[in-house]
Amino acid sequence: MKLDSKIPEGPLAEKWSRHKFNLKLVNPANKRKYEVIVVGTGLAGASAAASLAELGYNVKAFCFQDSPRRAHSIAAQGGINAAKNYQNDGDSIYRLFYDTIKGGDYRAREANVYRLAEVSVNIIDQCVAQGVPFAREYGGLLANRSFGGAQVSRTFYARGQTGQQLLLGAYSAMSRQIAAGRVKMYPRTEMLDLVVHDGKARGIITRNLITGKIERHSAHAVLLCTGGYGNVFYLSTNAMGSNATAIWRAYKKGAFFGNPCFTQIHPTCIPVSGDHQSKLTLMSESLRNDGRVWVPKQAGDTRPPYEIPEEERDYFLERKYPSFGNLVPRDVASRNAKYVCDEGRGVGASKLAVYLDFADAIKRDGEAVIRAKYGNLFDMYEKITGENPYKTPMRIYPAVHYTMGGLWVDYNLMTTIPGLYALGEANFSDHGANRLGASALMQGLADGYFIIPYTLGDYLATIGWNDRISTDHPAFKEAEQAVKDQIGTLLSINGKKTVDQFHKELGKIMWDYCGMSRNAEGLKGAKQKIRELREEYWQNVRVGGSNEELNITLEKATRVADFLELGELMVDDALHREESCGGHFREEYQTPDGEALRNDEKFAYVAAWEYKGPNQPAALHKEDLIFENVKLTQRSYK
Amino acid sequence: MNLTLKVWRQKNANSKGEFKTYHVKDISPDMSFLEMFDVLNEELLLKGEDPIAFDHDCREGICGMCSMYINGHPHGPGQTTTCQLHMRSFKDGDTIVVEPWRAKAFPVVKDLVVDRSAFDRIIQAGGYISVNTGNAPDANEIPIPKEVADAAFNAATCIGCGACVAACKNASAMLFVAAKVAQFAMLPQGQVERKKRVEQMVAQMDAEGFGACTNTGACAAECPKEISLANIAILNREYLAAKATSEYV
């Protein structure tokens with residue numbers, strides 16, 4: 001199968017406009033004849049469900065949480081980028097495009113990224129109209145701040161709770177459509193398989209998490225808006241329930257998986273405090289606007305921070321990257337924190353942390369100004385660690401945060417299965433090998449509000465409303481039986497290890513060998529270890545209870561079964577990509593001063609993996625990335 | 001730390017519940033309350049017992065899913081979510097009583113899990129501004145004074161956890177409804193549907209079976225996001241003004 005990205009012809013700035021004109025439309029009176037399934041109700045899912053329902057389509061929306069408002073987009077802190085240039089500081093659509101392409105280390109599609117920058121301005125308008133209370137200046141106009149990887153202030157924010165406010169905006173728009181009867185909402189319902197017939201996506205199989213009932217849902221198209229797969233590492237900044245099951249089962253039904261090894265490790269998280277740790281908490285990157293990152297110059301220095309004089313501190317980001325300083329992109333900041341800790345200069349009890357110090361900012365601006373900007377983040381830090389960051393520097397360490405990889409999609413956000421779409425973090429598309437801060441919210445909402453409403457119509461108009469199968473069709477029956485069989489097997493093993501124990505072991509393998517830095521030998525060993533662990537899982541996992549009840553262990557068990565397969569594909573992808581780019585750092589490929597060394601001759605492509613059956617190696621397909629507008633350079637933030 | 005837990009166990013919505021006693025050992029003061037429950041659940045699972053079902057997701061205090069009623073307080077001591085409550089708030093040897101939210105409008109689903117879909121239906125009744133995607137004017141077209149935007153933001157930070165209902169002796173949802181009504185009443189974008197919104201949201205709140213407000217203020221005292229009681233005054237004012245000139249309900 002040849003990958004067709006369907007990038008429109010014409011100059012970069014005109015591609016999206018031309019494409020919109022060329023897309024087929026569905027007559028307003030016919031829209032109600034179509035049914036669309038949306039899985040996940042975060043920024044991408046809620047905005048898509050609301051926008052499609054407003055157009056007149058019948059939407060069924062699904063989430064595993066008790067309410068669509070709880071999707072993990074809610075936890076995004078720092079902000080959302082948009083090329084409004086309200087600050088008159090030199091921003092433009094082209095600059096946002098350029099920063100995003102460069103920040104992604106030239107592993108994203110030009111056309112997609114340009115479109116993202118183009119619609120970014122509409123997102124802010126839409127959210128403000130919904131009543132999202134963004135931060136404002138005293139004159140009443142919108143405020144902006146700067147963020148890592150950019151030298152302009154283009155980030156819109158709502159204190160440290162931007163994701164919450166944007167999600168509540170999308171949730172309220174969707175709630176309005178639920179009341180209008182155009183969205184039917186299924187909370188506490190998890191998608192467990194995709195139904196494919198005649199090469200097209202036809203619907204999904206779900207489990208009601210309260211009754212255990214396995215149900216069939218048919219539709220003309222299925223949109224997966226299910227977020228990322230960072231929880232393959234067990235410890236991450238994702239929510240406990242965030243999982244890869246929907247996209248993984250779609251992969252096993254024929255959707256290609258793009259760049260699975262591209263994982264973002266976020267530099268500013270609260271360090272691990274012990275084995276009991278269940279998740280990691282992010283401290284917004286916006287803190288690096290005012291906080292200074294440092295460690296002691298001497299390895300093994302155990303003095304408390306206030307006893308270490310200025311001349312014995314190493315502000316290593318400011319030293320190595322004078323022009324960007326503490327605002328270098330996330331991958332660079334994370335890797336450098338790892339280096340200083342590897343040198344034995346880490347701080348705190350675990351020695352796996354660096355300081356993020358606000359003393360200078362408080363001296364300069366006063367505590368009140370710092371409190372107004374970051375108050376809720378400081379409170380959160382104090383609640384978790386018991387330390388007051390106004391008085392003593394924060395301790396931070398990198399943690400898994402976001403996955404740039406995901407289902408491969410074309411310019412229309414369609415996967416390799418016609419009728420199956422992936423939006424937001426669930427697709428691989430816009431961030432290349434590294435995502436810039438405040439771009440995830442932008443992408444989720446761009447996909448849901450402003451892209452899918454156009455591109456989905458083209459597909460629906462092409463197939464017509466009769467091209468749909470009923471839930472009595474054998475394809476549904478078969479998929480449902482497979483789901484029931486898997487659940488039956490998991491419940492019957494009755495082994496000696498819990499699901500969490502397996503998940504923690506998998507997470508440790510992934511973090512040690514497929515985390516912040518990787519090498520061929522480690523990856524080969526990891527692949528073997530994951531296979532062994534997976535084999536053991538199906539012999540020795542313990543899942544108590546039955547299917548016909550709220551069973552918290554069973555929920556985890558189906559998710560971890562998928563993580564145990566996905567982990568291996570990530571390792572395969574990391575092993576095959578013999579270069580360093582963005583968040584993918586292969587120790588064998590670095591510049592003399594330790595920066596990522598890309599190989600554009602051989603690896604300027606998207607790796608799209610095709611499932612070939614259980615325990616069979618996945619097949620690699622390549623989508624060459626063609627750069628007609630930007631010149632590929634080594635990223636420099638010095 | 002070693003602790004004794006008295007936890008509400010209830011198989012499903014239709015069965016009768018009861019307290020069961022558990023002992024947990026070697027708990028680190030740095031653990032969150034939910035991590036302590038993770039430890040207990042792992043033990044129960046290995047012993048062949050049913051783990052305790054409880055709602056949780058983000059574990060960073062923002063999704064609003066966690067909902068334990070601990071020692072007579074929603075989310076336990078202090079104004080926090082259960083996931084942000086740490087064991088250093090307790091003493092070695094303590095006995096801790098853990099119950100689900102108790103309210104007619106929040107029926108128990110299992111153990112500590114309750115059904116809060118009533119909140120979603122209240123939002124569906126009017127907790128939005130009707131603006132279809134693509135309709136919006138430029139974001140800076142309507143300046144909003146910073147003080148107003150900040151006040152609206154403070155109201156908008158409600159996480160919909162339901163602690164206010166659990167804290168109230170009448171199981172009233174006034175603080176939750178007030179936060180959304182106040183946010184939109186303050187903003188210029190919310191003016192068009194201002195009257196209709198408050199009438200419909202209050203009508204839905206009553207239909208769900210939440211109790212009346214008697215101004216005891218327990219809701220605001222327990223709210224993990226410090227939503228101010230002043231919002232209830234705004235809600236009352238908005239409701240009265242709307243009803244006095246009502247064209248709807």
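1. Let's start with one idea you will need throughout: two residues are in contact if their C-beta atoms, placed from the backbone, lie within 7 Å. Please keep in mind, too, that you are looking at a predicted model.

2. With that idea in hand, turn to chain A, where the domain assignment gives domain 1 (266-400) and domain 2 (485-603). Five residues of domain 1 of chain A are in contact with four residues of domain 2 of chain A. On the domain 1 side, helix H8 (residues 330-342) of chain A supplies the largest share, four residues. Sorted by class, that side of domain 1 of chain A has three charged residues, one polar and one nonpolar. As for the separation of these two domains of chain A, their C-alpha centres lie 29 Å apart.

3. Now for the meeting of the two chains. How many residues of chain A are in contact with chain B? There are 64, and they touch 66 residues of chain B. Several helices of chain A give two or more residues to this side, among them H2 (43-55), H4 (110-129) and H10 (367-385). H5(A) gives the most, with nine residues. By class, the side of chain A that touches chain B divides into 25 nonpolar, 25 polar and 14 charged residues.

4. Is Cys63(B) buried or exposed? Cys63(B) counts as buried because it has 31 C-beta neighbours inside 10 Å, and the cut-off for buried is 20 or more.

5. Who surrounds this cysteine? Leaving aside residues up to four places away in sequence, Cys63(B) touches Arg70(A), Ile74(A), Ala75(A) and Ala239(A) from chain A, along with Asp57(B), Cys58(B) and Ile159(B) from chain B.

6. Two packed helices are described by the angle between their axes and the distance between the axes. Helix H6 (residues 194-207) of chain B packs against helix H8 (residues 230-244) of chain B at an angle of about 105°, with the axes 9 Å apart. That angle makes H6(B) roughly perpendicular to H8(B), because angles of 65 to 115 degrees count as such.

7. To see this pair's contact, pick out Lys195(B), Val198(B), Glu199(B) and Val202(B) in H6(B), which meet Glu238(B), Tyr239(B), Ala242(B) and Lys243(B) in H8(B). The residues of this contact divide into four nonpolar and four charged, with no polar ones.

Definitions and conventions: Residues are numbered from 1 along each chain as its sequence is written. Chains are lettered from A and ligands numbered from 1 in the order in which they are written. This is a predicted model: local features need pLDDT of at least 70, side-chain atom pairs count only at pLDDT 80 or more; totals for chains, interfaces and linings use all residues. Domain bounds come from an automatic or database domain assignment. Ala, Val, Leu, Ile, Met, Phe, Trp, Tyr, Cys and Pro count as nonpolar, Asp, Glu, Lys and Arg as charged, and the others, Gly among them, as polar. A residue is buried if 20 or more other C-beta atoms lie within 10 Å of its own, exposed if 12 or fewer, and partly exposed in between; C-beta atoms are placed from the backbone. Axes are lines fitted to C-alpha atoms, for helices over the stretch in contact, and angles run from 0 to 180 degrees between N-to-C directions. Angles under 35 degrees count as roughly parallel, over 145 as roughly antiparallel, 65 to 115 as roughly perpendicular and the rest as oblique.
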